[in-house]
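Good morning. Please have the structure open as I speak.

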Amino acid sequence: MTNIATASELAAIKQRQKATWASGDYHMIGTQILIISELLIEALDLRSTERLLDVATGSGNAALAAARRGCEVVGLDYVPALLERARRRAEAEGLEVEFVEGDAEALPFEKGSFEVVSSVFGAMFAPNQQQTAAELARVCRSGGRIGLVAHTPEGFIGQLFKTNATHVPPPAVVRSPVQWGTEERLRELFGDVMAEIRSEKRHYVFRYRSPQAYLDYWRRYYGPTMRTFEAVGEAGREALASDLLDLVARFNRADDGTMVVPSEYLETVIVKG
């Protein structure tokens, strides 16, 4: 049972999370999953006259996807290095996007500033889920849409987090981020403000030359995996690596030594009342 966290506990957790996402280089993971953002932006059925905010934008996948469709776009994240990556990508594509540093739990925008608000594997990680949902809803205009992508508990990444947690338990005072990957939890978070909700389970397929190549890549670039290996120390690394490779084996549909792993996620569009 999750306890109620104090403000100071949440602040400390957020600082640790920020350090985690600033480690490695999430851009190198994000570029592999571009299609997920493109699919969400299509599901949101954008108009080029609309203004969109992408929360926890990382290096800008969804923000850039919206900008390609002619929208006025703001991307927000709390990791400066990822924002710089996003700016470089926008410049390379000749796209106009404003990227700002900020916190998903305290968005620096007026009420109803955007017709559309999106977050792809981002807002789900904020420690105060109720506050984050309230902020997403606050800055979205009445009749606007909130588009969310989150890992499901049963999917590959949801099970990756579960595996990590057996080695390094997460803070007991926060709810699991993969709860955002269930419609039940989203109805709890947004039920008071939504007029409609449409959710669809989708799969992204991770493809690597081998399971070990995947593990090496994520140990190098994915902050949560990096930090878990650091936390277990030299004595625990072999067991953690073994459990992660066993997890890959459970999901891997390749039989030629490569890795072909479908990872389930929930794509949701909420219409604000």
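How many cavities of 30 Å³ or more does a search of the whole structure find? The search finds three. Before the details, note that this is a predicted model, in which local features need pLDDT of at least 70 and side-chain atom pairs count only at pLDDT 80 or more, while totals for chains, interfaces and linings use all residues. Residues are numbered from 1 along each chain as its sequence is written, and side-chain values use heavy atoms, with hydrogens and water left out.

Now the terms. On a 1 Å grid over the protein atoms alone, a cavity is a set of points where a 1.4 Å probe fits but cannot get out; a pocket is an open set with protein on both sides within 12 Å along at least five of seven lines; lining residues have an atom within 4 Å of a point. Grid points are joined across faces, edges and corners, and a volume is the space filled by probe spheres set on the points. Helices (H or I, at least four residues) and strands (E, at least two) are DSSP runs, numbered from the N terminus.

The largest cavity holds about 390 Å³ of space. It has 29 lining residues, and Ala56, Gly58, Asp77, Phe121 and Gly122 are the closest to its centre. Helix 1 (7-22) gives the largest share of this lining, three residues.

The second largest cavity holds about 130 Å³. Among its 16 lining residues, Tyr26, Ile33, Phe121, His151 and Ile157 lie nearest the centre. Strand 7 gives the most to this lining, with three residues.

Next, the largest pocket, with a volume of about 950 Å³. Its lining has 31 residues, and those nearest the centre are Gln17, Val168, Pro170, Pro171 and Pro224. Helix 7 supplies the largest share, six residues.

Last, helix 9, residues 211-221. Which of its residues are buried? They are Tyr214, Leu215, Trp218 and Tyr221, where buried means under 20% relative accessible area (1.4 Å probe, protein chains only). Seen down the axis of helix 9, these buried residues fall within an arc of 150°, so they line one face of the helix. The arc is that of the directions from the helix axis to the C-beta atoms. An α-helix has 3.6 residues a turn, so residues three or four places apart point the same way. The buried residues of helix 9 pack against partners including helix 2 (27-30), helix 10 (223-251) and strand 7 (259-272), with contact meaning heavy atoms within 4.5 Å.

Methods: Buried means under 20% relative accessible area, exposed over 50%, partly exposed in between (1.4 Å probe, protein chains only).
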